[in-house]
Amino acid sequence: MTASSNFLIPNATLIVEIVAFLIVLGFLAKYVLPVLNKTLEERQEQIGSALEAAETARSEAAEASHQRQETLDEARRQAREIVASANKAAERINAQAEERGRLEYDRLVARADAEIAGARQRAVDEVSSKVGALVISVARQVIGREIDEASHRGLIDEAVAALRGSVGTSSNGTSN
Amino acid sequence: MTSVVHFLAADINVGTHVQRHGLDLDTIWSTLAAMVIVMAMGLYLRAKATKGVPGKLQLAWEMGVQAVQTQVQGTIGPSGAAVVPLAVALFVFILVANWFSVLGIGSEIEWIGPPTSDINVTLALAFIVIIPVHIASIRNRGVVGYVKHYVSQPFPKALFLVNIFINGVEEIAKPLTLALRLFGNLLSGGLMLALIAALGVWTIAHVPIGDVATLALNPVWKIFDLAIGAIQAFIFALLTILYFDTAMSEAH
């Protein structure tokens with residue numbers, strides 16, 4: 001049986017519908033929404049803790065990076081120091097070696113000078129010891145008679161001294 | 001009263017129901033179908049709800065619940081938490097019921113039509129909203145405050161008769177508009193389907209132009225019906241929250 005009374009006038013179906021919706025409402029409110037709310041809250045907590053963990057990890061990473069930078073800076077500073085001190089040591093060693101070299105040079109030069117002076121002295125002494133006899137023999141041959149060595153010794157010595165004096169002044173003049 | 005529209009030689013009757021003992025049986029069974037769907041979704045969610053990555057259904061429900069919670073928090077405040085289940089249940093139930101319009105074929109009595117195109121359903125929902133609204137108002141203001149609320153505003157007390165009239169009309173209009181808005185939208189949706197179906201008899205020189213028009217327009221209108229159904233469900237739930245807000249937050 002179908003009937004079309006005024007569709008704006010409610011009938012007993014109204015009561016059935018109220019009961020029906022109250023059942024749906026009760027079911028959702030009692031069994032579904034609490035579960036849904038719980039999962040929502042749990043997920044929010046989860047997300048919150050995940051974000052917190054991410055934040056911690058980020059700050060830890062930043063800290064580690066900071067430390068690495070510091071370590072790196074420290075290492076660079078030390079390297080610079082080491083290079084600087086090495087340079088300084090090298091300079092010092094250089095200077096020492098130079099100094100030693102100069103001293104050695106001076107010593108060698110001084111010894112050479114001394115040797116030269118000694119040799120000259122020895123040569124002069126040798127020459128002066130022989131020059132007297134040579135002069136007498138030359139004079140004897142020139143004059144043709146015996147020269148009394150004893151009577152003329154004073155004269156000869158005078159000449160030798162004069163010769164030695166001239167050699168001494170000339171050697172003094174050239175030694176420097 | 002029978003509504004008959006003469007259109008293209010077809011009789012279109014609106015608001016006809018399968019009636020036994022004063023009950024609209026077609027409305028009741030489609031209501032039962034909507035109940036089963038809503039509660040089955042609820043059971044499924046209850047079983048599958050996870051705090052991990054939610055499925056699509058769970059996500060949709062969570063978004064709905066959160067939208068309602070945000071709305072309630074923003075208007076009523078923390079004391080309105082009890083309204084949330086009602087608004088959620090209203091939205092979901094009305095949405096499912098409205099979307100039955102997709103199953104309609106435009107016949108006089110749909111086998112499974114939107115139950116919300118029956119005034120009994122929408123009026124029942126309106127009562128379920130408006131009675132707790134008044135209870136909340138009395139609990140919030142006290143009986144004296146509740147009565148004074150209708151007598152002493154918006155005009156001065158000397159005009160209390162006018163105040164009673166204005167407020168009375170407003171309070172009666174609230175459930176009526178709530179019910180009629182939803183009912184009217186869904187009824188007219190069914191009427192449009194009937195009109196589109198009636199186009200089927202239209203022929204020009206034995207060429208069945210009307211059948212083509214019916215086939216083309218029916219899905220278009222049903223897509224439109226989906227949007228209307230969602231919007232009406234949303235409006236119903238939103239107005240429910242706003243009525244509770246008016247009842248619970250005007251104490252000062």
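**Group meeting: how chain A sits on chain B**

Okay, let's start with the interface: 34 residues of chain A and 43 residues of chain B take part in the contact, where two residues touch if their C-beta atoms, placed from the backbone, lie within 7 Å. Before I go on, this is a predicted model, where local features need pLDDT of at least 70 and side-chain atom pairs count only at pLDDT 80 or more, while totals for chains, interfaces and linings use all residues. Residues are numbered from 1 along each chain as its sequence is written, and chains are lettered from A and ligands numbered from 1 in the order in which they are written.

So, who does the touching on the chain A side? Two elements give two or more residues each, strand E1 (2-3) and helix H1 (13-143) of chain A. Elements here are DSSP runs numbered from the N terminus, with helices being H or I of at least four residues and strands being E of at least two. H1(A) gives the most, with 24 residues. Sorted by class, that side of chain A has 24 nonpolar, seven polar and three charged residues. For the classes, Ala, Val, Leu, Ile, Met, Phe, Trp, Tyr, Cys and Pro are nonpolar, Asp, Glu, Lys and Arg are charged, and the others, Gly among them, are polar.

Now let's follow H1(A) across to its partners. With helix H1 (residues 25-48) of chain B, the axes come within 9 Å and cross at roughly 5°. The axes are lines fitted to C-alpha atoms, for helices over the stretch in contact, and angles run from 0 to 180 degrees between N-to-C directions. That makes H1(A) roughly parallel to H1(B); the cut-offs are under 35 degrees for roughly parallel, over 145 for roughly antiparallel, 65 to 115 for roughly perpendicular, and oblique for the rest. From H1(A), the contact includes Val16(A), Ala20(A), Ile23(A) and Phe27(A), and from H1(B) it includes Ile28(B), Met35(B), Val38(B) and Gly42(B). By class, this contact has 15 nonpolar, four polar and two charged residues.

The other partner I want to show is helix H2 (residues 56-75) of chain B, whose axis comes within 11 Å of that of H1(A), crossing at roughly 90°. H1(A) and H2(B) are therefore roughly perpendicular to each other. Leu33(A), Leu36(A) and Leu40(A) of H1(A) meet Trp61(B), Glu62(B) and Val65(B) of H2(B). That contact divides into five nonpolar, no polar and one charged residue.

Among the contacts in chain B with a separation of 6 or more, 66% are between residues 24 or more positions apart.

One helix pair inside chain B: the axes of helix H3 (residues 83-99) and helix H6 (residues 209-249) come within 8 Å and cross at roughly 160°. That makes H3(B) roughly antiparallel to H6(B). Among the residues in this contact are Leu86(B), Leu90(B) and Ile94(B) of H3(B), and Ala230(B), Ala233(B) and Ala237(B) of H6(B). The class count is 16 nonpolar, four polar and no charged residues.

Most residues other than glycine have a negative phi, and most peptide bonds are trans. Strands E3 (residues 17-20) and E4 (residues 23-24) run antiparallel and are joined by two bridges, at least two being what DSSP must find for strands to pair. Arg20(B) stands opposite Leu23(B) in E4(B). His21(B) has a positive phi of about 50° although it is not a glycine, and it is exposed, with 7 other C-beta atoms within 10 Å.

Ala205(B), in the loop between H5 and H6 of chain B, also has a positive phi, near 50°. Ala205(B) counts as exposed, with 5 C-beta neighbours inside 10 Å. And there's a cis peptide bond joining Gln153(B) and Pro154(B), with omega about 10°. Pro154(B) is in the loop between helix H4 (119-151) and helix H5 (160-198) of chain B. That's it from me!

Note on methods:
A residue is buried if 20 or more other C-beta atoms lie within 10 Å of its own, exposed if 12 or fewer, and partly exposed in between; C-beta atoms are placed from the backbone.
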